[in-house]
Amino acid sequence: MKRQIVIGSRGSRLALAQTAQVASYIEAADPEIIVEIKKIETTGDKRLDVTLDKIGGKGLFVKELDKALMEGEIHLAVHSLKDMPMEESDEIPVVAYSKREDPRDVLVLPRGKQEGKYGGRIGCSSFRRRLQAERLFPGADFVPVRGNILTRLEKLDRGEFDALILAAAGLKRAGLSHRISRYFSVEEILPAAGQGILAVQGRKGQDVSFLAGYGRPASEAAALAERAFVRRLDGGCTSPVAAYAETVEGRLHLKGLFYNGTGSYFIGEKTGRMEQAEELGILLAEEMERKYTR
Ligand SMILES: NCc1[nH]cc(CCC(=O)O)c1CC(=O)O
């Protein structure tokens with residue numbers, strides 16, 4: 001008898017592409033397992049008429065999947081780590097952090113347009129992106145944009161914006177990397193905590209040995225450090241707090257963005273051991289809070 005594993009996924013092209021990646025890994029790792037993908041519509045996907053912070057933030061993309069996990073309807077859920085709320089539940093822990101896809105943000109232009117000057121309208125809802133991009137494009141108008149990647153690209157191509165800022169990871173995973181016209185270095189725009197990492201969420205006590213080779217220690221260390229930094233600064237879903245960590249020769253290098261609430265932000269860094277990822281995040285947050293709170 002083959003064992004069946006049910007993975008829950010949001011229905012967007014990106015979410016399904018991400019879930020399919022995990023599903024093929026599991027089926028290749030253990031031929032005795034058959035994976036079924038179950039589409040679950042989330043409030044965040046249904047309500048496209050209002051900005052996320054008005055209806056309760058990023059958690060809206062995971063709430064329905066959390067419920068399906070808790071009720072045993074699905075065994076696993078696959079999420080973009082950056083969409084997961086900072087408060088985690090012991091009942092439904094993250095059981096694997098994927099190899100990290102490109103963590104950078106990118107600029108996307110309307111189909112057929114060349115990079116010009118950006119005096120125009122840049123579609124970008126995240127305060128984190130906007131705050132940092134204003135330094136790069138001082139003349140631009142930043143306009144909120146919602147919807148999944150495809151919806152955003154359609155709006156761009158229809159002429160609603162002169163450019164969009166999106167995550168490279170999402171575009172690459174959805175097979176849309178040809179739309180990227182410029183990469184922002186992590187120094188130009190510090191990414192959201194967890195950007196580019198997929199989190200596989202499971203249920204407490206459940207055997208997930210078939211995922212043993214999927215998770216990456218470097219991603220886990222980065223995830224723990226970045227999320228601890230944001231959590232410590234109470235980076236609610238609308239705050240611009242950003243963090244990015246990298247492992248170089250076994251040492252974890254963390255950069256964090258601290259916003260002082262009045263239009264200025266600061267980037268700080270700290271290096272430590274991979275095993276102390278969370279402490280590193282908390283220490284950097286406390287250090288920057290002391291230094292820059294006005
Ligand atoms: N907020 C939406 C979202 N959540 C995850 C990604 C893709 C990047 C990733 O996997 O981290 C995106 C799209 C974007 O920000 O452009």
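Ala77 stands opposite Gln201 of strand 10. This pair belongs to a predicted model, in which local features need pLDDT of at least 70, side-chain atom pairs count only at pLDDT 80 or more, and totals for chains, interfaces and linings use all residues. Residue numbers start from 1 along each chain, as its sequence is written.

Strand 3 (residues 76–80) and strand 10 (residues 198–201) run antiparallel and are joined by four bridges. Two strands count as paired if DSSP finds at least two bridges between them. Five strands make up an open sheet here, in the order 2-1-3-10-4, and the pairing is mixed. Strand 2 (33–39) and strand 4 (94–97) are at the edges with a single partner strand each, so one side of each has no neighbour in the sheet. From one strand to the next, the twist averages 30°. Axes for such angles are lines fitted to C-alpha atoms, for helices over the stretch in contact, and angles run from 0 to 180 degrees between N-to-C directions.

In total, the chain has nine helices and 13 strands. These are DSSP runs numbered from the N terminus: helices are H or I with at least four residues, strands E with at least two. The C-alpha trace spans about 65 × 45 × 35 Å along its principal axes. For 294 residues, a compact globule would have a radius of gyration near 19 Å; the chain has 19 Å, which agrees. The radius is taken over C-alpha atoms, and the globule rule is 2.2 Å times the number of residues to the power 0.38.

The chain is assigned domain 1 (1–98 + 195–213), domain 2 (105–183) and domain 3 (216–294). The bounds come from an automatic or database domain assignment. The centres of domain 2 and domain 3, over C-alpha atoms, are 25 Å apart.

A ligand is surrounded by Ser80, Lys82, Asp83, Ile149, Leu166, Ala167, Ala169, Gly170, Gln195 and Gly196. A residue counts as near if its C-beta atom, placed from the backbone, lies within 6 Å. Domain 1 and domain 2 both give residues to this shell, so the ligand lies between them. Strand 8 (163–167) and helix 7 (168–173) each supply at least two shell residues.

A second open sheet has three strands in the order 11-12-13, with antiparallel pairing. Strand 11 (242–248) and strand 13 (265–273) are its edge strands, each pairing on one side only. Neighbouring strands are turned by 15° against each other on average, direction ignored. Seven bridges pair strand 11 with strand 12 (residues 251–259). Ala242 has Leu257 of strand 12 as its bridge partner. Helix 9 (residues 277–292) lies across strand 12 and strand 13, at about 35° to strand 12. Contact here requires C-beta atoms, placed from the backbone, within 7 Å.

How values were computed:
Two residues are in contact if their C-beta atoms, placed from the backbone, lie within 7 Å.
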